[in-house]
Amino acid sequence: MSSLMGPTGAGKSTFIDVATKQDGRTVGKSLTSYTKDIRSVRYTHPDGNRPEIVLVDTPGFDDTERSDTQILGMVSHWLEKTYKKRILLTGIIYLHRITDNRMTGSIYKNLRMFASMCGDDAVRNTILATTMWKDDPSGRYSLREEALRSKYWKPLIDHGSETARFRRTFESAWEVIDHILKRGPTCLLVQEETVRLQRKLCETQAGITLYNLLQKSLAEHKERVRKFLEEAESYGDPGQAREWKMEYDRVQETLRTTFDQIHQLKIPIGRRILLFFSFKRSHARAVTV
């Protein structure tokens, strides 16, 4: 069983559809996130001499309908259930659009969450695959790929991850999958933490990483609110003031949602002290990107 992870729109559903010859019947066509739940698809290996392969599609952390804490809870709960059933992942395929000309905050958040869930053991069973390749006469896509390898993906590659290109063909998809099948089963850090160490989700490395990311986001949103108020006071135009008010309300709603998520992930001080003095440690270690 192999799991596909990555930002919304990176091509996870497309990869599965191409690999299983579903002709795009389940690929999202709008800006709304297509993968709302975790979806698994069985398919016989093309060479016909191997057991069925299970590909698992997971939602990204920039989902249009669910909060990041909900996504983390959904994915970690599924990983916990499979681990308790003694079902281990053969590997993880992390997808990234090569058409993205920069590493946005949302894309970087997905990468950080992915690394914190995997840990240094499971990243050895990871393929970092770029998607949406087109003709590249100028070489700009190749330069972006090299930037990913040398900077953003370097900590993962240093721990054993490999890279690949998915060119939206059946052969290309199975070339990536076959790289995964060469490895043995692996346990993700978040599985070890929630099952063996019996930690709450907010106490896992993934939960702590998301908490820190949300704290940073909260500070940025507060600064935006402050600037909006300053700008609104300087405008005498009623029409412009209404536009600023609408934007202000939108940011305030984002601020409220972010604060609610932080509250859910906060570890009580007594529990933090207990964890500090606990002798239980995970075998795997988090990877910082």
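1. Basis. The model is predicted, so local features need pLDDT of at least 70 and side-chain atom pairs count only at pLDDT 80 or more, while totals for chains, interfaces and linings use all residues. Residues are numbered from 1 along each chain as its sequence is written, and side-chain values use heavy atoms, with hydrogens and water left out.

2. Main core. The largest nonpolar core has 40 residues, and those with the most contacts inside it are Ile-92, Phe-114, Met-117, Leu-156 and Leu-188. Strand S3 (53-57), helix H2 (68-84), S4, H3, helix H8 (205-234) and helix H9 (238-265) each supply at least two of its residues. H3 gives the most, with eight. Because domain 1 (2-194) and domain 2 (199-277) both give residues to this core, it lies between them. A nonpolar core here is a set of buried Ala, Val, Leu, Ile, Met, Phe, Trp, Tyr and Cys residues joined through side-chain atoms within 4.5 Å; buried means under 20% relative accessible area, exposed over 50%, and partly exposed in between (1.4 Å probe, protein chains only). Helices (H or I, at least four residues) and strands (E, at least two) are DSSP runs numbered from the N terminus, and domain bounds come from an automatic or database domain assignment.

3. Phe-114 and the second core. Not counting residues up to four places away in sequence, Phe-114 touches Met-5, Ile-92, Tyr-94, Thr-126, Leu-128 and Leu-156, where contact means heavy atoms within 4.5 Å. A second, separate core of 21 residues includes Ala-10, Ala-19, Phe-170 and Ala-173.

4. Largest pocket. Its volume is about 680 Å³. The lining has 24 residues, of which Phe-61, Asp-68, Ser-106, Lys-109 and Ser-217 lie nearest the centre. H3, H8 and H9 are the elements that give two or more residues to this lining, and H8 gives the most, with six. The lining divides into four nonpolar, 10 polar and 10 charged residues. Both domain 1 (2-194) and domain 2 (199-277) give residues to the lining, so the pocket lies between them. On a 1 Å grid over the protein atoms alone, a pocket is an open set with protein on both sides within 12 Å along at least five of seven lines, a cavity is a set of points where a 1.4 Å probe fits but cannot get out, and lining residues have an atom within 4 Å of a point.

5. Cavity. One cavity of 30 Å³ or more is found in the whole structure. The largest cavity holds about 70 Å³ of space. Among its lining residues are Met-5, Phe-61, Tyr-94, Phe-114 and Met-117. H3 gives the most to this lining, with three residues. The lining divides into seven nonpolar, four polar and no charged residues.

6. Met-103. This residue is in the loop between strand S4 (91-97) and helix H3 (105-122). Met-103 is buried, with a relative accessible area of 16%. Leaving aside neighbours within four places in sequence, Met-103 is in contact with His-96, Tyr-108, Leu-111, Leu-148 and Tyr-152. Met-103 and Tyr-152 are 49 residues apart in sequence and 8.6 Å apart in space, C-alpha to C-alpha.

7. Helix H7. Six of the eight residues of helix H7 (residues 189-196) are buried, so this helix is largely enclosed by the rest of the structure. The buried ones are Leu-189, Val-190, Gln-191, Glu-192, Glu-193 and Thr-194. Gln-198, which follows H7, has a positive phi near 55 degrees.

Notes: Points joined across faces, edges and corners; volume = space filled by probe spheres on them. Nonpolar A, V, L, I, M, F, W, Y, C, P; charged D, E, K, R; others polar.
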